[in-house]
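Hello,

Here is the structure I promised to hand over. My notes follow below it.

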Amino acid sequence: MSLRYAFYPGCTTPYRLPGYEVSSRKIAEALGIELVDLKEPNCCGLPIEHVNTMTGMTLSARDLCLAEEMGLDLAVICNGCAGMLTRTNAKLKEDKSLRQKVNTVLKPDGLEFKGNINVKHLAKILIEDVGEEKLGNSIKKKFNGMKAAVHYGCHVLMPSKDLDVDDPDFPEFLDKIVQVTGAKSVGYAEKRLCCGGLLQSINEEISLRLTGEKLSNIKDADVNALVTMCPFCFISYNRNQATAADLIEENFDIPVVHFTQLLGLALGIPADELELTESVSDPDVILRFLQ
Amino acid sequence: MNRPGKRGLNAETVSSVETGVVEYMTESASSLRRKKPLKVDPDFKNKILDSPGGETLRYCFQCGTCTATCPVIRAAGDTYMVRKLLKMAKLGLKEELLNSEVLWYCAVCHSCEERCPQGVKVAEVLGALRNLAAEEGNLPKGLKALASNIVKFGLSMEMSEDQEMWREVMGLPPLSKPNLKHVRRIVEETGLAKIVAEGEADEP
């Protein structure tokens, strides 16, 4: 299988979490995955889908067209982009009249949605396209005795039919990536609970309560780290951890890392190249397990 | 003890359903401190059914699975109930819905859609309702700012020079910026530009 993809890093990642983008590109390189950047992509449409559904869908379709023109499946690292682009792709492939509406807007700029590519989150590419075996063979160092909680995030699981997930209650791909690194993926209560990220700009308190509830469940599981695969979820659990703790009157000290950083370290990429300090102020909380 | 009656519902259940409806009407009335009766727009549901994403509202039979599976209700308390919003939509309580802050509390996690026995795409139906609210200028502040950024920059935020510099330091390639000519056409022809312009005109 050719491991060549069109690539869209989204906006939250490059703008607020460049370390996630750096570590994603580094692990792709290490695993022989070629990521070809989309030219002049725009917002995936998710943030304003609910303000104007047609605008959201058309913006989303434009990004899909750019990947179609390259003749490549589209790889993303943001759950928001994965969800929005996948749902639009499915809808426009299915609904001819909707496709025509969208194409009427895109046509003057020389674009046309054809529906001949797929969208995939990098984490799924690792398990489904690279494969566990090759992934396992590429591991140079292992996390010994480390317990990790994984958080998938909603938009990469649901609607499961569009996102091609067998069972959104028991997904496996992120757990598998963590296990490959030698860390143990530990179960915890309500693993599927939403981070509340999309509510941050609408009602901060509700958003933080959701964040806090999840962190509280993870604290009970007594883990060494929480591993995420979405910039919104990461911001909820990492940057908003202290604020959420204050609100629900708890104390948390849970290191949160991007899955690409954990895997990158196991692939032998130096910690400073993975921008580990974007996640943890003291990288040693993770590095002490690496052997 | 409750025993099912001939139609599968006993008198007590039926009366509790009725009380529920009454409570729901009076509750929303009192919480809004209304002196006038609620206005019902019988055409409203058709408007939703015709909006992109609103089509599956027709299948909702009010089982409440959406509310049961909703994570937001735990954080927002009983101010937010998805089933109730869908019921209000079907009843035609347009003003109550479109002016309500609660309409924007859905975190769009899609859990309800995943579990709905009737295949209602709840987040999309709420999206259709939110579209209608946005058309009337009812938009949470945070989303106004996001929408305005997308119209201006084609992205949810603008990159500062510092950020561009950091990318270089980190060894990241320069970010390919959106084609603003294309974005402009999309936001103008699909309606977002109008919503943003009207929202900005309303600002003091």
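What share of the contacts in chain A with a separation of 6 or more comes from residues 24 or more positions apart? They account for 77%. Contact means heavy atoms within 4.5 Å.

First, the ground rules. This is a predicted model, where local features need pLDDT of at least 70 and side-chain atom pairs count only at pLDDT 80 or more, while totals for chains, interfaces and linings use all residues. Residues are numbered from 1 along each chain as its sequence is written, chains are lettered from A and ligands numbered from 1 in the order written, and side-chain values use heavy atoms, without hydrogens and water.

Chain A has 15 helices and eight strands (DSSP runs: H or I of at least four residues, E of at least two, numbered from the N terminus). Of its 291 residues, 65% are buried, meaning under 20% relative accessible area with a 1.4 Å probe, protein chains only. Its C-alpha trace spans about 55 × 45 × 30 Å along the principal axes.

Now the sheet. Four strands of chain A form an open, parallel sheet in the order S6-S5-S7-S8. Strands pair if DSSP finds at least two bridges between them. S6 (184–185) and S8 (256–258) of chain A are the edges. Four bridges join S5 (residues 147–151) to S7 (residues 225–228) in chain A. A:Ala149 has A:Leu226 as its bridge partner in S7(A).

Last, a contact list. Beyond neighbours within four places in sequence, B:Tyr80 touches residues including B:Cys70, B:Val72 and B:Leu126.

Best wishes

Note on methods:
Buried < 20%, exposed > 50% of the residue type's maximum accessible area, 1.4 Å probe, protein only.
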